[in-house]
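My entries follow in the order in which I made them.

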Amino acid sequence: MSKPLLIVESPTKVKTLKKYLGESYKVAATAGHIKDLPQKELGIDIENNFKAEYLNIKGKSKIIQELKSAATNSDTIYLAPDPDREGEAIAFHTAEILNKKGRKFYRVLIHELTKKGIAEALDNPTELNSDKYEAQQTRRTLDRLVGYQISPLLWRRVQGSLSAGRVQSVALKIICDREREIRAFIPEEYWTITAELLAENPPPFLAQLTKYKGKKLIIPNQEKASKILSDLKESDFVVDKISIKTLNKNPLPPFITSKLQQDAINRLKFSAKKTMSVAQQLYEGIEIGTGGPEGLITYMRTDSTRIAAEAANEALNLIKEKFGSEYAMKAPRFFQNKNKAQDAHEAIRPTSVFNTPGKVQPYLTPDQFKLYDLIWKRFVASQMSPAIIDQKSVSIKAGDYTFTVGGNTVKFQGFMALYSYNDDKSSDKDSDESENAEKVLDKDIQAMPELKEGMKLDAKKINPAQHFTKPPPRFSEASLVKELEENGIGRPSTYATILSTIRDKGYVDLVKRYFLPNELGFIVNDLLVTSFPEILDAAFTAQMENNLDNIETGTRKSLDVLNDFYTPFKDRLDHAVENMLNVKGVGLPTDLKCPICSKQLNIKMGKNGHFIACTGYPECSFSSNYTRDERGNIHIAENSVKSDLTPVKDCLKCGKPMVKKEGRYGEFLACTGYPKCKNTESINALEPTKSTDIQCPMPKCNGLIVEKKSRRGKLFYGCSNYPNCEFASWDKPVNKPCPKCGSTYLVEKDTKKDGLIIACQVKGCDYKKL
C-alpha cells in the first residue's frame, strides 16, 4: 500500500512533521511558491478576462522534480502550505504540477505544529478553497497591473529601478502627507501654571491650574499668565472636592499580526520584518528537548482575536497554579472579531502555555526568547482578572480659579501582574490601544498628604511655564503599521513587505526610528498623486481590500472586481503616458528664479540624483545641488554649485568657451557648445603645464612632451599639440635616443621585478637598462 504524501511550504517544517508522523507519511516541501507570473513581462491577458500566465519559477526545477519523485507511488496527497491566501495559491499550483488520473488532493490547514495540531488537521482535510485562491490571484493580478504599468513611467520620467505599488505607494503618500503637515505647522504659544502646595502635614505636592469660573482655562500668552499670577496672590487655596472612582481595567486580546509588530517594534526594538522572521521560526518548530522540533506558537499571519476554548482553559489552569485563583477568570474570556472574513485563524498564542518562557529559554536564541516571552505573556494575561484601580481626583479653589491634582492607585494588579500596558517605554505612546470600554489614564503618582474638603492650603510657590504646541509626530514603523491597519490598507502578511519596500527603493529614510521622506520620495509621490489620485487614495485602497475579502467569502466575483478597477485605471494610465511630468527633462516647477538669467528653476533628476536647473537651458546651463529647510523651502547650495558659467578657457575642438561643471567624480570642464560639441577636460587642465623639453615621439608631430594631470589628479605625460596629437603615457620620458633602435621613445618604468628601469617603448625593440 502506497504512503500518502504530505506537502508543506517550508523545508523547516519537514523535520517537525516527521517527528510526529513517523513513517506513516512521506513529507516534502515546495520551499515557497513554485509558480509565478513572468518577471520581464506583464503576464496578464487583459483582453481575455485578465487571464494570468503562470510559469514554473526559474531555479525551482529541482524542487519540482523532487516533488514529482516523492509523489510517484502516492495516490493521496495532502497539501499543507500555510493556512492563508498565499498558501492556498501554493497548494493549487502544486496540485496542477502533480495532477494525474486517479490521484486525490486534500487541503490540510495546520494552525499549530504540535502533535495535537497536526493530528487534528489530518483528521479534518478539506477540498482546495477556490474562493480563497481567487482572492489571492486577484490581488496578484491587481498588483501586477499597477506595478508593471506605472513603474515604467517612473523609469522614463524620473530614474530607473523605481517602483510603484497598489499598497506601497499609499504608504508613501501617508508618510509624505504627514511630513508636509509637520512642515506647515505653526507653533502656538500657551502657558501653564502649577502651584506647589502644603497641607497641615507634609509632603508638599503640585497642582495644576485647569479652570476659571468653572470653565476650562486656556492661557495664550505671558500677559494673561501675569494677570492670573496677580489674582492668585490675593487668593486663599482651599480643598473644594475629593472624588475617588474605582475602575476595572481589562487586559488586551491576544496578538493579531499588526499588534504583534507594533509591540515588538516598541518594546523589543525589532523591525516589522524581523518580527515576522522570528515569529516564523517559532511557528515552524524548534528543538526544546522533546526529541525533535516543536512549534511554539500558532500561525502568525492573522487578523483574528479568536482563541480555542481548550487553549483558554489551559491558560486558566496555569494562572490558578502560578498566581492564585483570584487572578483567574471564572470562565474563559473570548474576544469579538470585527470581520467574519478575518476569522480563518486563531489569534497568535503559545501552542501550550505550559511551555513557559523560562522553560524554553535555554533552547531559544535571544531574539526568539524575547518575542516568545511577549506572545506568551500577552495571551496568558488575556485570561486573567481585571486590574482594580482607584482613580483619585482633588479640586482646589483659589478664588475664581480651580487647580486639580490626581493619580491612580492599583488596588488589585490582576493581569497587570504579568503584562502591563505601561511596559512600553517607547515614545510611540499611541502604539497600543485597549479595545475595552473602560480606558484608564495612567498618571505619575506623587506622594499626597491627608486632605479633607474645606482644608486650607499654603501656596509655597506658584510656577508659570511657557510652552508651544508641537506638530504631529512622524511615523515610526509601529505607528505606520497602526495607521495602515486602522485605514484598512494591506493585510497582516503585507505590512512588513510594505515597510521594507519603501525603504529599499530609497523613498524614505529611517532617522532615529522615524520615517522621513526624502526628495526622491516626494518627487515620486507627487507624480503619482497627480496622475493616479484614486490609486493613492486610502479609502479606495481599503475598499479594494474589502473586495478581496468578499471574493474569499464568495460574495463577489474576481472578474467583476478587476473590470471595475481596470476601466478607470486604464484611462488614467493613458493620460499619464501623455501628460506625466518628465523630471529628467522638463522637471518639477519651483518658485525660484535662476541667479544668472532670472528664468524659473525646476527640480530635475540625473544620474547622480536630484538637482535644480534653469529652464533656459541650453542658452543658460545653470544648475546646482539644493537642500530643504525644516519648512520645506529650497535653498541652493552655496558650496555645491553644479555649473559656474564663467568661461575659463577655449575649447580645443570647437573654440567655444569652456565652463566648470560638477559630475560624479567632482569638477570638470565642459564645452558650452554642448550638445553639438561634447568635449570635456579635467579640471586640472587649468593648471599651467610643465614642459619636459622632450620631442613628442609620434610621427609627423613637432610637439613637446608636457606634464599633465588626469581627471582624478594623477600625473601623466602628454603632447602639447593635443587634441591634434593624442599621445599620452603614464611613464616619464627620457631625453635621449634608444641605443638599440635610435628612437626618442625611452621612458622610466617602475617594475616589481627589476625596480626602476629605462626601456624603449617602440614596438619590436626590447631595449631596457637597470
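**Cysteines.** I call a residue buried under 20% relative accessible area, exposed over 50% and partly exposed in between, with a 1.4 Å probe and protein chains only. By that rule Cys701 is buried, at a relative accessible area of 14%, and Cys671 is buried as well, at 5%. I note that this is a predicted model, in which local features need pLDDT of at least 70 and side-chain atom pairs count only at pLDDT 80 or more, while totals for chains, interfaces and linings use all residues. Residues are numbered from 1 along each chain as its sequence is written, and side-chain values use heavy atoms, with hydrogens and water left out.

**Sheet.** Helices (H or I, at least four residues) and strands (E, at least two) are DSSP runs numbered from the N terminus, and two strands pair if DSSP finds at least two bridges between them. I looked up an open sheet of four strands, which run in the order β2-β1-β7-β8 with parallel pairing. β2 (26–29) and β8 (104–107) are the edge strands, each with a single partner, so one side of each has no neighbour in the sheet. From one strand to the next the twist averages 25°, where axes are lines fitted to C-alpha atoms, for helices over the stretch in contact, and angles run from 0 to 180 degrees between N-to-C directions.

β1 (residues 5–8) pairs with β2 in the parallel sense over four bridges, and Leu6 stands opposite Val27 in β2. Helix α1 (residues 11–21) packs on the sheet and touches β1 and β2, its direction making about 170° with that of β2; contact here means heavy atoms within 4.5 Å. Helix α3 (residues 85–98) lies across β1, β7 (76–80) and β8, and runs at about 175° to β8.

**Helix pair.** Helix α6 (residues 168–184) packs against helix α13 (residues 477–486) at an angle of about 115°, their axes being 11 Å apart. In this contact Ala171, Ile174 and Ile175 of α6 meet Leu480, Glu483 and Leu484 of α13.
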